[in-house]
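Try each one yourself before reading its solution.

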Amino acid sequence: MAKITLQGNEMRTNGSLPNVGSSAPDFALVNKDLENVSLSAFPGKRKILSIVPSLDTPVCAISTKKFDDFAKEHDDTAILIISADLPFAMSRFCVSENLEHVTSLSIMRSQEFSRDYGVLIEDGPLAGITARAIVVLDQKNQVVHTELVGEIAHEPDYKAAIQALGSVS
């Protein structure tokens with residue numbers, strides 16, 4: 001269990017992020033076409049999992065736009081935006097913001113992803129959705145970097161996530 005805050009008010013997650021050096025837990029998340037997507041959908045690609053509470057918040061929107069900008073010039077890296085939002089809402093957001101280089105995925109069918117990655121918020125006003133976190137994976141889905149953002153209203157450390165990609169062979 002990890003402790004995070006929302007505007008200074010403490011909340012707890014169900015566990016911890018996967019350890020650096022471990023294999024990332026596989027998942028079945030829902031894409032904009034209501035299809036289940038797993039890690040195998042991105043063979044040979046490095047991956048940044050940008051886990052956010054909801055794209056309908058300013059910080060989540062900002063981070064998604066920043067990662068889309070990065071992805072424009074890095075087609076060897078899949079940027080997965082993962083949230084509790086419905087696929088329709090995520091797709092509308094990406095279309096309205098002209099974001100074409102990220103893949104939005106919803107946890108709508110299962111909380112397994114949230115549990116397996118230790119980001120399920122267990123209490124407080126956001127109980128049941130995901131904390132803000134970054135998990136960077138290499139081409140073989142080994143974890144090379146993680147960050148659980150301590151204050152959910154803050155942005156993640158983009159530089160650290162992107163630098164972690166440089167250590168991926």
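A polar contact is a pair of N or O atoms within 3.5 Å; within protein, one must be able to donate a hydrogen and the other to accept it, and residues adjacent in sequence count only if both atoms are side-chain atoms. The model is predicted, so local features need pLDDT of at least 70 and side-chain atom pairs count only at pLDDT 80 or more, while totals for chains, interfaces and linings use all residues. Residues are numbered from 1 along each chain as its sequence is written, and side-chain values use heavy atoms, with hydrogens and water left out.

**Exercise 1. Find the surroundings of Gln 111.**

Step 1: Locate the residue. Gln 111 sits in the loop between β7 (103–106) and α3 (112–116); helices (H or I, at least four residues) and strands (E, at least two) are DSSP runs, numbered from the N terminus.

Step 2: With a relative accessible area of 26%, Gln 111 is partly exposed. The scale is: buried under 20% relative accessible area, exposed over 50%, partly exposed in between (1.4 Å probe, protein chains only).

Step 3: List its partners. Apart from neighbours within four places in sequence, Gln 111 is in contact with Leu 120 and Gly 128, where contact means heavy atoms within 4.5 Å.

Step 4: Look for a polar atom pair. A polar atom of the Gln 111 side chain lies 3.2 Å from the backbone oxygen of Gly 128.

**Exercise 2. Classify the aromatic pair of Phe 67 and Tyr 158.**

Step 1: Recall the rule. Rings of Phe, Tyr and Trp (its six-membered ring) pair if their centres lie within 6.5 Å; planes under 30 degrees apart count as stacked, over 60 as edge-to-face and the rest as tilted. The count by this rule is 3 aromatic pairs.

Step 2: Apply it. The ring centres of Phe 67 and Tyr 158 are 5.4 Å apart and the planes stand at 70°, so this pair is edge-to-face.

Step 3: Phe 67 belongs to helix α1 (residues 58–71) and Tyr 158 to helix α4 (residues 158–166), so the pair ties together parts 91 residues apart in sequence. Phe 67 is buried at 1% relative accessible area, and Tyr 158 is buried at 14%.

Step 4: Compare with another pair. Phe 113 and Tyr 117 are stacked, with 4.3 Å centre to centre and 25° between the planes. Together with Phe 27, these residues form one aromatic cluster.

**Exercise 3. Describe the start and the buried residues of α4.**

Step 1: Begin at the N-terminal end. Asp 157 caps it, with a side-chain oxygen 3.3 Å from the backbone nitrogen of Lys 159.

Step 2: Pick out the buried residues. In α4 these are Tyr 158, Ala 160, Ala 161, Ala 164 and Leu 165.

Step 3: See what they pack against. The partners are β5 (46–51), α1, β6 (77–83), β8 (133–137) and β9 (143–148).

**Exercise 4. Which residue forms a salt bridge with Glu 97?**

Step 1: A salt bridge is a side-chain nitrogen of Lys or Arg within 4 Å of a carboxyl oxygen of Asp or Glu, and the whole structure has 6 of them.

Step 2: Name the partner. Glu 97 bridges to Lys 65, with the closest N and O atoms 3.1 Å apart.

Step 3: Trace the chain. Glu 97 is in the loop between α2 and β7 and Lys 65 in helix α1, 32 residues apart, and the pair links these distant parts.

Step 4: Glu 97 is partly exposed at 33% relative accessibility, and Lys 65 is partly exposed at 31%.
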